[in-house]
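Open the model in your viewer and keep the selection tool at hand. The tour below goes stop by stop.

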Amino acid sequence: MMAAQKINEAHDHIAKAEKCLKTSMTKWKPDYDGAASEMAKAAVAFKNAKQFDQAKDAYLKEAEYHTENKTYPFPSNHNDPLALQEMKRMSEAIELIEKASVMYVENGTSGTAGMALDRAGKLIEPMDLEKAVDLYQKAASVFENEDRLRQAAELLGKASRLLVRLRRLDEAAVSLQKEKNMYKEIENYPTCFKKTIAQVLVHLHRGDFVAADKCVRESYSLPGFSGSEDCVAMETLLAGYDEQDEDQVYRVCNSPLLKYMDNDYAKLAISLKVPGGGGKKKKSPGAPQEGAGGAPPVDEEDDYDGGLC
């Protein structure tokens, strides 16, 4: 009897939420706050009635209604009360999605949990990169546990790029290796080649030439890597870096192969400096090479502003 009452109570709240969303001649905008509040009450009622599938759906609906109030780009002034209110709303929505994802896993629908966490990562990314990394990693773990390695690798890829953006390069190196292992397991070798390039760039920015060289050597075992464009570029880059040949490093890092990678890795490429070389770059890799008496290298201000991929 109690369970039936709670279920009826939940449906009453859902009806009220739907009413909040209706518009009319005198009400132009849906009341998402009111709808979210009613769905939260419905979720609790379903949970008390042990109707967990319906409860998790209600939690997700509540999260969706909260996120309908989002505004992009988010205000950059965190002292602005409106900005703080927006951040609080988004944090609440993300917390609800995480709760719902746990319920999905517990009820055997892990795929839905992974997709919910991915969606939460996309929502929070414009305002909190670190939280987005956490959500993408959680989503990747969910898919990995289900042996859905392609989806897991794609989500790890999102986390790796954000770790690079946050300059958490040690963690990015670990994440990239895990990505690469997954792509190798599903025999997506061309993507493994690209991950090798990303690994080399991350390790060189970490100042670990040995680790960068090891990544390339390990990739020789991948079918098609030896002699490929990716392989030749990395061998050339490592040789130039080791010999402190600024021009050689500059040519590779500013080649289309690297400049047109995902934006965060492209930025690593164009900002790579040769140790002990002062970071100077010769102006144009396509210009005729000067002899010993030629003009000295010219410092170049890089105007590459991303936007690729």
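How far apart are the end C-alpha atoms of helix α5 (residues 110-124)? They are 21 Å apart, which agrees with the 21 Å that its 15 residues should span at 1.5 Å a residue; the expected span is 1.5 Å times one less than the number of residues. Helices (H or I, at least four residues) and strands (E, at least two) are DSSP runs, numbered from the N terminus.

Before moving on, note that this is a predicted model, in which local features need pLDDT of at least 70 and side-chain atom pairs count only at pLDDT 80 or more, while totals for chains, interfaces and linings use all residues. Residues are numbered from 1 along each chain as its sequence is written, and side-chain values use heavy atoms, with hydrogens and water left out.

Stay on α5 and colour by accessibility. Eleven of its 15 residues are buried, so α5 is largely enclosed by the rest of the structure. Buried means under 20% relative accessible area, exposed over 50%, and partly exposed in between (1.4 Å probe, protein chains only). Among the buried residues of α5 are Ala113, Leu117, Leu123 and Ile124.

Next, select Lys131 and Glu98. Their side chains form a salt bridge at 3.0 Å, N to O. This pair joins distant parts of the chain, with Lys131 in helix α6 (residues 129-145) and Glu98 in helix α4 (residues 81-106), 33 residues apart. A salt bridge is a side-chain nitrogen of Lys or Arg within 4 Å of a carboxyl oxygen of Asp or Glu. Lys131 is partly exposed at 25% relative accessible area, whereas Glu98 is buried at 16%.

Asp134 is partly exposed, at 26%.

Now go to Lys194 and Asp230, a salt bridge whose closest N and O atoms are 2.7 Å apart. Lys194 sits in helix α9 (residues 189-205) and Asp230 in helix α11 (residues 229-242), 36 residues apart. Lys194 is partly exposed at 37%, and Asp230 is buried at 8%. The whole structure holds 20 salt bridges.

Last, select Cys192 and Cys231. Cys192 is buried at 0% relative accessibility, and Cys231 is buried at 0% as well. The structure has zero disulfides, a disulfide being a pair of cysteine sulfur atoms within 2.5 Å.
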